[in-house]
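Morning, everyone. Let's look at one structure together, starting with helix packing and moving on to rings.

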Amino acid sequence: GVITNTGGAVRVQTLPGQENYPAVNANGIQSQVLSRWASSFSVTAGTKNTALEAVGRSVSTARPATGKRPKKTLDKKAGNKDCKADIAFLIDGSYNIGQRRFNLQKNFVGKVTVMLGIGTEGPHVGVVQASEHPKIEFYLKNFTAAKEVLFAIKELGFRGGNSNTGKALKYTAQKFFSLENGARKGIPKIIVVFLDGWPSDDLEEAGIVAREFGVNVFIVSVAKPTTEELGMVQDIGFVDKAVCRSNGFFSYQMPTWFGTTKYVKPLVQKLCSHEQMLCSKTCYNSVNIGFLIDGSSSIGESNFRLVLEFVSNVAKAFEISDIGSKVAAVQFTYDQRPEFSFTDYVTKEKVLSAIRNISYMSGGTATGDAISFTTRNVFGPVKDGPNKNFLIVLTDGQSYDDVRGPAAAAQKAGITVFSVGIAWAPLDDLKDMASEPRESHTFFTREFTGLEQMVPDIIRGICKDFLDSKQ
């Protein structure tokens, strides 16, 4: 039966062969048994303060179901703490799906949200509807209780239009998970895309954008395109292009919107598998970047400020936090002076302020020694941590000692080295220090003012190395 709510009265459209089974309880809440598809979803509500409980069960006979399954005691407000995730359900609201299947989709999403165990310390969910233009129906921060979410899902109106899923996915990845809209730091971001049939636009670019934003994309496809429909599908491999990883984990298929109860639990188990959320880690939130800064006397105070500005601009691009990326800096002449380590500051503001406060040493240039010192003392303590390690060496001249040995040892310790040379820095030294492929890890500018243009290339280089190491 399809329930449509018209101002308080519950109207029930029955399906053929099911005319005798609507049962409405005293609260006007429909409890239905879909005997034809051997599944049911009953919602029972008692007095105002009892929690809304939704129970999905298979039914073998056509009798209305009675009795409740004993539930695990769960602190209702806190929710399921073992399933910390921020989830956007991207539902299909196109003419492709139609009003009736749209209602069955809402019903299914409702069952999934109940089983997830929404709560303040558990999963948070929001809904975006894909149609001609995507619409965020509600954000993560709007509801923290399952019954509020169920009500909000029930109230969703069908929009129609083309199923521009790619457009909606890109929009959701970019706009939905901001801190002001309720996304939480360090908690996996997930978009579950529901697709009836196939998308009317391209998903590949949207998938790339989502991965860059650290979002894990799942695709739940219902009613695959038939053989004769395949000619209308822009890209038959659309699922693999959009998902977080095409390893089979991030795609889920249901043959039809009817009798979906048995599909709820396996989907929920996937969404709660933290360790599988491979796209939560991005180059922005999972790297340690050490800066080795030349403080030799040939640089001079005003150029030294330009070097620090470059360091700030690179650091600024990353999500620095206790669970995210980390930054450290060492200044060197003949001696090395650790300015701050990876664990000294865990916010971006503090790191940027520490960079600004670095004072210029002035002296000679022993780059090789400085690399060995940094590998041992700065990267040593974090070498078994989860983040990928990068060292950016900035120098304006010839080193008095050998750089090749120390740089090779740093790379052997798992550190990717970028060399940035200015003015009189010899290209041979720079190439000897840089990681392979050397061309993409070696940078040079005649003037200190040229450092500014290198910032995006360095950031892109770090992200490329990070992604390559994850493939």
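Angles under 35 degrees count as roughly parallel, over 145 as roughly antiparallel, 65 to 115 as roughly perpendicular and the rest as oblique. This is a predicted model: local features need pLDDT of at least 70, side-chain atom pairs need 80 or more, and totals for chains, interfaces and linings use all residues. Numbering starts from 1 along each chain as its sequence is written, and side-chain values use heavy atoms, without hydrogens or water.

Helices first; these are DSSP runs of H or I, at least four residues, and strands are E, at least two, numbered from the N terminus. Helix α1, residues 98–116, packs on helix α2, residues 146–154, at about 170°, axes 10 Å apart. Axes are lines fitted to C-alpha atoms over the stretch in contact, and angles run from 0 to 180 degrees between N-to-C directions. The two are therefore roughly antiparallel.

Now the rings. There are 20 aromatic pairs. Rings of Phe, Tyr and Trp (its six-membered ring) pair with centres within 6.5 Å; planes under 30 degrees apart are stacked, over 60 edge-to-face, the rest tilted. Y95 and F158 have centres 6.4 Å apart and planes at 70°, so they are edge-to-face.

Are they buried or exposed? Buried is under 20% relative accessible area, exposed over 50%, partly exposed in between, with a 1.4 Å probe and protein chains only. Y95 is exposed at 62%. F158 is partly exposed at 24%.

Next, Y139 and F176 are stacked, 5.9 Å centre to centre, with 25° between planes. Y139 is partly exposed, at 25%; F176 is buried, at 0%.
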